Amino acid sequence: MELIFFATAFVCGFVVLQLNLPPLIGFLVAGFVLKLAGFESTILLEQVSALGVTILLFSIGLKLKVKSLAKVQVWGPASLHITVSTLLFSGAILGLSYVGLPLFTEISPETSLILGFALSFSSTVFAVKVLEERGEMASMHGKIAIGILVMQDVFAVLFLAISTGKTPNVFALGLLILLPVLRPVLFLVLNRSKHGEVLPLLGFFLALIVGYHAFEFAGIKGDLGALIVGMLFASHNKASELAKSLLHFKDFLLVGFFLTIGLNASLSMEALIAACIVVLLLPIKSWLYFYFLKSFKLRARTSLLSTFSLSNYSEFGLIVCALAASNQWITSDWLAVIAVAVAITFIIASPLNAHANEIYVKYEPFWDSFESKERLPEEKPVSLARSKVLIFGMGRIGRGAYETLIESYPQRVTGVDINPDCVSKHVDAGRFVVLADATDPDFWQNINHSDVEMVLLSMPKHAQNVYALEQLKASGFNGRVSAIAFYSDQQRELEKMGVDSTFNFYLEAGTGFAEHVKATWQHSSSR
């Protein structure tokens with residue numbers, strides 16, 4: 001049975017991918033197609049789905065530091081949004097109950113409040129997938145969006161704990177004391193797990209045993225436990241490698257999650273109509289995000305891109321509705337309504353996020369009219385200090401290029417990276433690296449690159465390099481441009497766009513290794 005599920009997911013995902021849309025839309029469609037064909041979700045698929053969400057939250061934790069949640073521009077908009085949107089949505093649904101629409105007629109004030117609360121959440125799964133595909137998890141808007149989602153997860157867990165009567169037991173205090181004590185031991189285990197198959201196994205152990213089951217035993221929701229344990233390891237220098245080792249496992253398991261949304265929905269014409277009406281409330285949700293974010297002095301672009309990542313309904317809304325239905329607070333029909341609405345908003349939000357920068361540029365005066373004149377330190381314009389060489393993306397490749405080129409251009413090489421932690425490490429090491437987003441049109445408008453002769457694009461995501469190249473050309477740059485690629489089709493695309501030279505990371509790594517060995521031998525023989 002599960003083979004049929006995943007085969008259908010592949011076919012639908014492949015078709016959607018050819019339309020330049022995220023495959024997750026195809027996976028959602030596959031679930032509804034299977035439901036219409038008479039299939040039902042299975043216990044195994046439900047377990048795969050739950051496992052995928054747990055590993056996802058653990059992976060989020062690995063990239064999230066506690067201090068990021070303490071920022072007022074995270075908890076402020078998150079708290080305001082969930083409060084205001086819950087009240088507005090519940091009021092709108094209660095108002096519709098007097099119109100006589102199907103499924104709305106018997107809604108009580110209490111029911112409308114539960115539905116409004118369920119609709120106030122945004123999808124963690126969707127946002128993380130979108131941000132990872134664009135390589136923007138470490139960007140300002142990416143971290144703001146993820147921080148808000150984590151705050152929403154906390155609100156959801158509190159609701160579930162109160163609704164189910166499940167409260168932390170006596171073991172919870174012991175767990176909170178034990179984890180900091182065990183942290184150095186677990187760090188040592190992570191260090192000694194090397195880089196092979198033991199590393200992802202350790203990830204599963206930490207997420208499922210130390211995180212999920214230990215917290216469930218202590219009366220705390222297991223998914224929240226996986227997130228917390230991930231955050232304990234966020235400061236470790238192998239946290240990023242651990243997250244990457246789980247990436248493909250997580251992606252595969254999350255296919256099961258998207259399938260279950262469609263397979264668990266009891267489709268009817270009334271449910272479809274109600275879902276479409278609920279989707280009409282989405283612009284209100286999006287505007288509230290944008291309004292609250294810009295009110296906390298975030299730039300218009302940061303507010304807009306964060307908003308687009310959050311412009312959907314959530315899997316946590318389904319969990320809330322499932323609990324409410326089991327307690328007979330709402331009818332089971334509303335579970336199908338929310339499931340269909342979640343799927344529709346995913347379909348709406350996917351192209352919206354894919355063209356987020358274009359939407360910002362096209363209507364920039366309008367968005368900027370809402371912007372605060374005061375800028376946060378992280379979003380102030382940067383100076384290139386008469387640089388001759390710019391390197392975008394200061395990972396391993398960018399760092400190596402910096403060390404090589406600085407010998408030929410002393411004090412004239414500038415590194416640019418989107419990750420504040422990465423920038424801090426380079427600055428501490430004596431390198432001139434600035435914090436900026438190469439995909440930000442405003443960055444290109446505010447810099448003076450008249451002295452720059454050479455640009456290297458070494459960002460980890462191909463889409464980032466492509467968009468940065470488009471902005472570079474649009475800004476009138478006439479110097480030399482080189483870019484990395486991981487596949488030959490990516491090289492061809494970059495060359496068609498006017499890149500002077502491309503470096504295929506996989507193909508040319510061997511050549512570089514051979515040149516290094518040859519130079520070492522020649523040096524040894526000359527001694």
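The side chains of Arg-299 and Asp-440 meet in a salt bridge, at 2.6 Å from N to O. A salt bridge here is a side-chain nitrogen of Lys or Arg within 4 Å of a carboxyl oxygen of Asp or Glu. This pair links distant parts of the chain, 141 residues apart: Arg-299 stands in the loop between helix 14 (282-295) and helix 15 (300-310), and Asp-440 in the loop between strand 3 (433-435) and helix 22 (441-446). Helices (H or I, at least four residues) and strands (E, at least two) are DSSP runs, numbered from the N terminus. The model is a predicted one, in which local features need pLDDT of at least 70 and side-chain atom pairs count only at pLDDT 80 or more, while totals for chains, interfaces and linings use all residues. Residues are numbered from 1 along each chain as its sequence is written, and side-chain values use heavy atoms, with hydrogens and water left out.

Buried means under 20% relative accessible area, exposed means over 50%, and partly exposed lies in between (1.4 Å probe, protein chains only). Asp-440 also meets Arg-301 in a salt bridge, at 3.3 Å from N to O. Because Asp-440 lies in the loop between strand 3 and helix 22 and Arg-301 in helix 15, the pair ties together parts that are 139 residues apart in sequence. Arg-301 is buried, as is Asp-440. These residues belong to a network of salt bridges that links Arg-299, Arg-301, Asp-437, Asp-440 and Asp-442. Side chains of opposite charge can pair when their charged atoms come close.

Among the buried residues of helix 15 are Ala-300, Leu-304, Phe-308 and Leu-310.

The count of salt bridges in the model comes to 10. Another of these bridges joins the side chains of Glu-40 and Lys-35, at 3.2 Å from N to O. Glu-40 counts as partly exposed because its relative accessibility is 48%. Lys-35 is buried, because its relative accessible area is 18%.

Gln-152 is found in helix 8 (residues 140-164). Its relative accessibility is 1%, so Gln-152 counts as buried. Leaving aside neighbours within four places in sequence, Gln-152 is in contact (heavy atoms within 4.5 Å) with Ser-120, Phe-121, Ser-122 and Tyr-289. Ala-118 has its place in helix 6 (residues 109-119). Ala-118 counts as buried because its relative accessibility is 1%. With neighbours within four places in sequence again left aside, Ala-118 is in contact with Gly-317, Val-320 and Cys-321. Between Ala-118 and Asn-504 there are 386 residues of separation in sequence and 46 Å in space, C-alpha to C-alpha.

The surface carries patches. Patches are made of residues with over 30% relative accessible area and no salt bridge; like charges are joined within 9 Å, and nonpolar side chains (Val, Leu, Ile, Met, Phe, Trp, Tyr) within 5 Å. Accessible areas come from the Shrake-Rupley method with a 1.4 Å probe, and for residues only the protein chains shown count as cover. A nonpolar patch is formed by Leu-173, Ile-177, Leu-178, Val-181, Leu-182, Val-185 and Val-189, which together have about 610 Å² of accessible area. One of these residues, Leu-178, is placed in helix 9 (residues 170-191). Leu-178 counts as partly exposed because its relative accessibility is 44%.

A positive surface patch is formed by Lys-244, Arg-396, Arg-399 and Lys-461. Lys and Arg count as positive and Asp and Glu as negative, while His and the chain ends are not counted. The place of a charge is taken as NZ of Lys, CZ of Arg, CG of Asp or CD of Glu. Arg-396 lies in helix 20 (residues 396-405). Its relative accessible area is 69%, so Arg-396 is exposed.

The backbone deserves a final look. Most residues other than glycine have a negative phi. Lys-194, a residue other than glycine, has a positive phi near 55°. The place of Lys-194 is in the loop between helix 9 and helix 10 (198-217). Lys-194 counts as exposed because its relative accessibility is 56%. Lys-297 is not a glycine either, and has a positive phi of about 70°. Lys-297 is found in the loop between helix 14 and helix 15. Its relative accessibility is 35%, so Lys-297 counts as partly exposed.
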